[in-house]
Amino acid sequence: MSSVLKATKRESFKNSDLTELRNAGKLPAVVYGYKVENTAISVDEIDLVKTIREVGRNGIIELDIEGNKQKVVLSDYQSDFLKDEIIHADFLAVNMSEELTVDVAVHLVGEAAGTKEGGVVQTVLHELSISAKPNDIPEAFEVDVTELEIGGSFSVEELRSKYDVTINHEDDETIVSVLAPRTEEEIEELEEEAGAGEAGAEDAEGGESTEDADGESETAEEKA
């Protein structure tokens, strides 16, 4: 699936012009890659967000640069976390017949059976590196954890046969597992370790020092 995103070439790179661009709801961006020279562009911020929602993080976008269309993917982007907004985007022009290497998110489906007995679901790999042609890249990997009991796990090998892409991980790598609930003894041990760590930090900070007549300082422990 692809979606059209309009873009305009940028000729000025002054900070004042970039500020004016963002104030107008536009984002500075760059496109590069297959049969495309590095080109500075701008896109509408709202349109970009809508496009990502439509095609997914690794989806194909038809970038229309003043009438010149090119298939691209969103290679990277920078965000202002305080304002929760994108401030710059990188687009990679792609050859639809050649494979790309990208990271695809893992989404867990269902409720693990082991959680009913107090088990804790632990996601080890939140995303997987894959190689595939642009149109074959999945939006996400869905891992059904419904039948996982305490001590059970789901590996890369089990996922490999479900998707027609190359997963760049070892078969025995664990994607998700269900851990046994902690015993009271384990909880107490963790609390004791945490308490010992805090006490050690206080001792390190509490070492007093005194100065002798020559201006040299020594800790209370050294004086003893």
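Analyst: Contact here means heavy atoms within 4.5 Å. Ile175 touches Val106, Gln122, Thr123, Val124, Leu125, Leu128, Val143, Phe154, Ser155, Val156 and Leu159, not counting residues up to four places away in sequence. This is a predicted model, where local features need pLDDT of at least 70, side-chain atom pairs count only at pLDDT 80 or more, and totals for chains, interfaces and linings use all residues. Residues are numbered from 1 along each chain as its sequence is written, and side-chain values use heavy atoms, leaving out hydrogens and water.

User: What is the mean pLDDT of the protein chain, and where does pLDDT stay under 50?

Analyst: On this confidence scale, from 0 to 100 for each residue, the protein chain has a mean of 84, and 82% of its residues reach 70 or more. Residues 208–224 stay under 50, and the model has 12 contacts for them beyond four places in sequence. Where pLDDT is low, the predicted coordinates should not be read in detail.

User: Why do β2 and β3 count as paired?

Analyst: Two strands (DSSP runs of E, at least two residues) pair if DSSP finds at least two bridges between them. β2 (residues 26–33) and β3 (residues 36–44) have 7, in the antiparallel sense, so they qualify. Pro28, for instance, has Ser42 of β3 as its bridge partner. The two strands form a hairpin with 2 residues between them, and Lys35 in the turn has a positive phi of about 55°. β2 also runs parallel to β6 (residues 85–93), joined by 5 bridges, with Ala29 opposite Ala89.

User: Why is Phe141 called buried, and how is Tyr163 classed?

Analyst: Buried means under 20% relative accessible area, exposed over 50%, partly exposed in between (1.4 Å probe, protein chains only). Phe141 has 0%, so it is buried. Tyr163, with 21%, is partly exposed.

User: How many residues does the largest nonpolar core have?

Analyst: There are 25, and those with the most contacts inside this core include Phe141, Leu128 and Ile175. β7 (100–109) supplies the largest share, 4 residues.

Notes. pLDDT = per-residue confidence, 0-100. Core = buried A, V, L, I, M, F, W, Y, C linked by side-chain atoms within 4.5 Å.
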